[in-house]
Amino acid sequence: MGRKFFVGGNWKCNGTVEQVEAIVQTLNAGQIVSPDVVEVVVSPPYVFLPIVKAKLRPEIQVAAQNCWVKKGGAFTGEVSAEMLANLGVPWVILGHSERRSLLGESSEFVGEKVAYALAQGLKVIACVGETLEQREAGSTMEVVAEQTKAIAGKIKDWSNVVVAYEPVWAIGTGKVATPAQAQEVHANLRDWLKTNVSPEVAESTRIIYGGSVTGASCKELAAQADVDGFLVGGASLKPEFIDIINAAAVKSA
């Protein structure tokens, strides 16, 4: 068996109850390829997690957009991995570039978060990616390897980790890495895992692409050998998210 295609929808800081329920209705009504072909996860803001989990079709899972680095306590405004597990939320997104850039989360901090979340039984979508300046300086792989190394140094079991490569310059900008650019980084990242973790982890770990993925760009990206799915931002709030999920069929064709 190959790596099952994985599509995540990151709703970010968007939505009202009415808007969220409308998105759920669209997803529930959509014709989606078999769960044998694709694993789908959507990530609403914390406050909407219980609503979405209760109303969404069962084959689509939910994820939190972040969690705290340790057990709960006197950490105002934070949400712990234990709380998410208690709610039955199976997934969490960690290390998103917006948290790295806007909130100063270091690679070391992200690595600690990933290890703690996994230890509490959560599955993790771990984000890595370079800025435009870093890409233009030719240091893409250096940056991505450093971010991945900070995670690899903290965990032993990769079975519940999906790595999301998100070039920062392509998030919310409308720019998308070309299929060749995405494939190059994904292949290099898989080689890094093979050399620095193990061949088995490199072969089994899903590496997904995020960065302005749309219904128009998804099929060509999905056709790349080392692109195992997507982490979708703005388009996950729209009906075209169904088309992006169904791009998984490219792999099974």
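## Pairing of β1 and β2

In this predicted model, strand β1 (residues 5-10) pairs with strand β2 (residues 38-43) in the parallel sense over six bridges. Two strands count as paired if DSSP finds at least two bridges between them; strands (E, at least two residues) and helices (H or I, at least four) are DSSP runs, numbered from the N terminus. Gly9 has Val42 of β2 as its bridge partner.

Right-handed means that, with the strands pointing away from the viewer, the path from the first strand over the helix to the second runs clockwise.

## β2 and its other partner

β2 also runs parallel to strand β3 (residues 60-64), with three bridges between them. Here Val40 stands opposite Ile60 of β3. With helix α2 (residues 49-55), these strands form a right-handed β-α-β unit.

Six of the six residues of β2 are buried, that is, under 20% relative accessible area (1.4 Å probe, protein chains only; exposed is over 50%, partly exposed in between). Val38, Val40 and Val42 point one way, and Glu39, Val41 and Ser43 the other.

## Lys123

Lys123 lies in strand β5 (residues 123-128). Lys123 counts as partly exposed because its relative accessibility is 27%. Leaving out residues up to four places away in sequence, Lys123 touches Pro90, Trp91, Val92 and Asn160, where contact means heavy atoms within 4.5 Å. Ser159 is 36 residues from Lys123 in sequence and 8.7 Å away in space, C-alpha to C-alpha.

## Basis

Residues are numbered from 1 along each chain as its sequence is written, and side-chain values use heavy atoms, without hydrogens and water. Local features need pLDDT of at least 70 and side-chain atom pairs pLDDT 80 or more, while totals for chains, interfaces and linings use all residues.
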